[in-house]
Amino acid sequence: MKYTAFLVLLFIVPAFPAYADYADVIEADIKYEGDSRYTFFVTVSHKDTGWDHYADRWEILTLDDEVITGRVLRHPHVGQQSFTRPLHFVSLPDDISQVKIRAHCTRDGFGGKTMEIGLPERR
């Protein structure tokens, strides 16, 4: 009886889908440019394998998960991990002091590490 249960598990386990390979936001820096505009420097990590599976964008959200804007990543970064890309001239209302940043991949979507970050002081 013990062996039967073991054999059944042996055949069931391989049928489960592989774990998702999400894109992670691992670092972010924000520079205030004046006139309520910012430049975001976001570092993403993902095991890009080519055009069929790569980190294809990152987004800036409010803490209530409203998308403010984002940056499209137009090609895979195979062998270039992790990578940082800027987004310039992001206008934010004065009442926002903190944002969330998340990354997306072509196969698994959202679900990786996100980052909440405070905006620099407006001077």
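Trainee: How many bridges join strand 3 (residues 55-61) to strand 6?

Mentor: Strands are DSSP runs (E, at least two residues), numbered from the N terminus, and two strands pair if DSSP finds at least two bridges between them. In this predicted model, local features need pLDDT of at least 70, side-chain atom pairs count only at pLDDT 80 or more, and totals for chains, interfaces and linings use all residues. Residues are numbered from 1 along each chain as its sequence is written, and side-chain values use heavy atoms, leaving out hydrogens and water. Here, six bridges join strand 3 to strand 6, and the two run antiparallel. Tryptophan 58 stands opposite alanine 103 of strand 6.

Trainee: Which sense does the pairing of strand 6 and strand 7 (residues 115-118) have?

Mentor: The sense is antiparallel, over four bridges. Glutamate 116 in strand 7 is the bridge partner of lysine 100.

Trainee: Why is strand 6 (residues 98-105) described as largely enclosed?

Mentor: Buried means under 20% relative accessible area, exposed over 50%, and partly exposed in between (1.4 Å probe, protein chains only). Six of the eight residues of strand 6 are buried, so the rest of the structure largely encloses this strand.

Trainee: How many aromatic pairs does the structure hold?

Mentor: A pair of aromatic rings is described by the distance of the centres and the angle of the planes. Rings of Phe, Tyr and Trp (its six-membered ring) pair if their centres lie within 6.5 Å; planes under 30 degrees apart count as stacked, over 60 as edge-to-face and the rest as tilted. The structure holds two such pairs. Tyrosine 32 and tyrosine 38 form a tilted pair, 5.0 Å centre to centre with 55° between the planes. Tryptophan 51 and tyrosine 54 form an edge-to-face pair, at 5.6 Å and 80°.
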